Amino acid sequence: MEAKFFRFLKLVGVGFKARSESQGRELFLKLGYSHEVQFTAPPAVRVFCFKPNIICCTRIDKDRVHQFAGAVRSCKPPEVYKGKGILYFDEVIKLKPGKKQKK
């Protein structure tokens with residue numbers, strides 16, 4: 001079976017890590033919570049971690065790949081003040097300015 005569609009996710013933040021097990025069936029995320037977040041990929045999707053902060057979702061069915069990537073991203077969406085969270089690889093976050101100090 002040939003993988004045609006890819007979706008890359010990037011973990012941005014101190015201590016955020018990902019690892020995959022069971023030949024791409026399970027994904028474990030450390031996102032600053034007191035426990036690891038576990039995802040089981042659907043049969044049509046495989047998950048690989050090239051580095052501890054880069055996740056690749058791949059397979060033939062485009063809809064399922066993007067749906068699974070969205071589910072992973074919803075676990076820790078990007079934050080607009082510091083830019084931390086789970087981002088798509090080609091996504092750019094426009095950061096908001098913080099509180100202005102009075103003079």
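1. Ala18 has Leu29 in β3 as its bridge partner. Strands here are DSSP runs of E with at least two residues, and helices are runs of H or I with at least four, numbered from the N terminus. The model is predicted, so that local features need pLDDT of at least 70 and side-chain atom pairs count only at pLDDT 80 or more, whereas totals for chains, interfaces and linings use all residues. Residues are numbered from 1 along each chain as its sequence is written, and side-chain values use heavy atoms, with hydrogens and water left out.

2. Strand β2 (residues 17-21) pairs with strand β3 (residues 26-30) in the antiparallel sense over 5 bridges; pairing requires that DSSP find at least two bridges between two strands. The two strands form a hairpin with 4 residues between them, and Ser22 in the turn has a positive phi of about 55 degrees.

3. Which residues of α1 are buried? They are Val65, Phe68, Ala69, Val72 and Arg73, where buried means under 20% relative accessible area, exposed over 50%, and partly exposed in between (1.4 Å probe, protein chains only). These residues lie on the same side of α1 because they cover an arc of only 140 degrees around the axis, the arc being that of the directions from the helix axis to the C-beta atoms. On the other side of α1, Asp63 and Gln67 are exposed.

4. The cover over the buried residues of α1 includes β1 (5-12), β3, β4 (37-40), β5 (46-51), β6 (54-59) and β7 (85-88); contact means heavy atoms within 4.5 Å.
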